[in-house]
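Q: I am new to this structure and would like to learn how to read its features. Please take them one at a time, with the general idea before the case.

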Amino acid sequence: MFDRERKKSSYVFEVRATDGGRYDARSEKTVVQVTIADVNDNRPVFSQYPFVTSVSAHAAPGTQLIQLEARDDDEDPTGKFFTAVGKKFRANIFSFSSPYLNDRFHLDSETGIVTVAGSLLADAGVRLPLRGRDSRGRRLFLQQTVAFPKRHLHRGCPGELTPGKEIVQVKAIPSSPSLITYSIKSGNEESALDIDPRTGIVTIRNSGHLDYEVTRQIRMLVVAHSDGRLPLHGYATLIVRLVDQNDNSPSFSQEHYVSSVWEGNNKGTFVTQVTASDDDQNGTGVIVYHIVEGNHDNAFIIDPPFSGIVKTNIVLDREIRDTYHLTIIATDDGTPQLTGTCTLRVSIVDVNDNQPVFPPHSVVSISEGAEVGTVITTITANDVDTNPALIYGFAEGGNPSSLFSIDRFSGRITLAHPLDHEKRNKYLIQIYASDSAHLARTSLTVRVTDVNDNPPIFSEQPYQVKVPELVDPGYRVITVNATDLDSE
């Protein structure tokens, strides 16, 4: 819950936006300032209680007696202030809570100055009930005397703050025998404490409003009231100081941290810094940080432990692990020790430190009748690095007669010119893959398969032969011979 007066009136924090890039993600940061708008949730508080002054019974009307001062922690939307005794106060509205005094005294509602308005000859002592109201309507009521042995009482409040626990007993001494009634007149607006009206024992009423981190002390005005013929009042200030306990766990500035680091960097490379704060005062001089989960291979360390600085503890290799999800705790040195938790995701940024690798040498076949543009095969190399992309090409002299072409990005090999099995039936192609830093080579054998695209050819053209007449049937005239370039 926000509290502009007791906690902070503004918050400043940093916001980081990170894009969705899987590798080498980009980020930008900006500063956000949140101002807590004021709400009129505080009553005006008089600078003292009661205000005491003296005046001659023969004082003329208009004589100034005293100037009342009140403080209001809330902002005044009207922007009005008044200055008294060299100090600046918010504009409050003053008035008597009992109108019967108006014929003898005048109270300026804006300045708080009390002046004589009429004759005072009949008065030996006058108690003026006063009322202050801030410019937005919240009120605080201000009230001859019973004596307290001490006008200012100080009391510490250690240990368990359980309802009903006795803190202190106040006691007033009347000038004449009478019954004394005690009450808390101001400073106990949250009703955190209670006072027994007969015994003056101050006890805890609502421990939920006793929080050292919100208010380190409670300053109250205790009033003692006698029930004699002439009612008397006594006033004393009771200051209850709260003793801090280790009841707040360390709190990280972020619940989830995100960072990245390059692989291959030396041990001890800075990754990020996590920070936690502890609202407790006792036992919080040092907060110690530990990585408790996700630290595979003890890859990270917080050094020194109280700094929150996360460093690499080994030389990281993205090809082994590309992301770490760490759980970090912050432990205070109070009793008992309390911890806070956050997570840190560390992405390992790839470095081009691995050479591409081709699969073993392969053999492919293509028909000599294949058309230009026919895909022969696709050959790819493996690179465990993510960047940059591989580039393929023919090694010098590795593409005989420029018969083939290769896509430089995909490694797809296509036919660039017609083939002829009868001229050449096998080609050895030399191919490389480059990641801009490393070069890998391989070879590919292309076999050209035959197609029946050639007619038989006689050895002579034409044949001429002489045959004797009257030869017997079966006489061998000639043997003709033909050849075919095709294998099938």
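A: Start with the naming of elements: helices (H or I, at least four residues) and strands (E, at least two) are DSSP runs, numbered from the N terminus. Asp72, for instance, is placed in the loop between strand 5 (70-71) and strand 6 (81-84). The model is a predicted one, in which local features need pLDDT of at least 70 and side-chain atom pairs count only at pLDDT 80 or more, while totals for chains, interfaces and linings use all residues. Residues are numbered from 1 along each chain as its sequence is written, and side-chain values use heavy atoms, with hydrogens and water left out.

Q: How many helices and strands does the protein chain have?
A: The protein chain has zero helices and 37 strands.

Q: Is Asp72 buried or exposed?
A: Buried means under 20% relative accessible area, exposed over 50%, and partly exposed in between (1.4 Å probe, protein chains only). Asp72 has 4% relative accessibility, so Asp72 counts as buried. Of the 488 residues of the protein chain, 35% are buried.

Q: How do I read a sheet?
A: Strands of a sheet pair through backbone hydrogen bonds, either parallel or antiparallel. Two strands count as paired if DSSP finds at least two bridges between them.

Q: Which residue in strand 10 stands opposite His106?
A: That residue is Thr115. Three bridges pair strand 9 with strand 10 (residues 113-116) in the antiparallel sense.

Q: How many aromatic pairs does the structure hold?
A: Rings of Phe, Tyr and Trp (its six-membered ring) pair if their centres lie within 6.5 Å; planes under 30 degrees apart count as stacked, over 60 as edge-to-face and the rest as tilted. The structure holds four such pairs. In one of them, the ring centres of Phe404 and Tyr427 are 5.8 Å apart and the planes stand at 75 degrees, so this pair is edge-to-face. Phe404 belongs to strand 32 (residues 404-406) and Tyr427 to strand 34 (residues 426-434), so the pair ties together parts that are 23 residues apart in sequence. Both Phe404 and Tyr427 are buried.

Q: What does the side chain of Ser434 reach?
A: A polar contact is a pair of N or O atoms within 3.5 Å; within protein, one must be able to donate a hydrogen and the other to accept it, and residues adjacent in sequence count only if both atoms are side-chain atoms. The side chain of Ser434 reaches the backbone nitrogen of Ser436 at 3.1 Å. Ser434 is found in strand 34 and is buried, with a relative accessible area of 18%.
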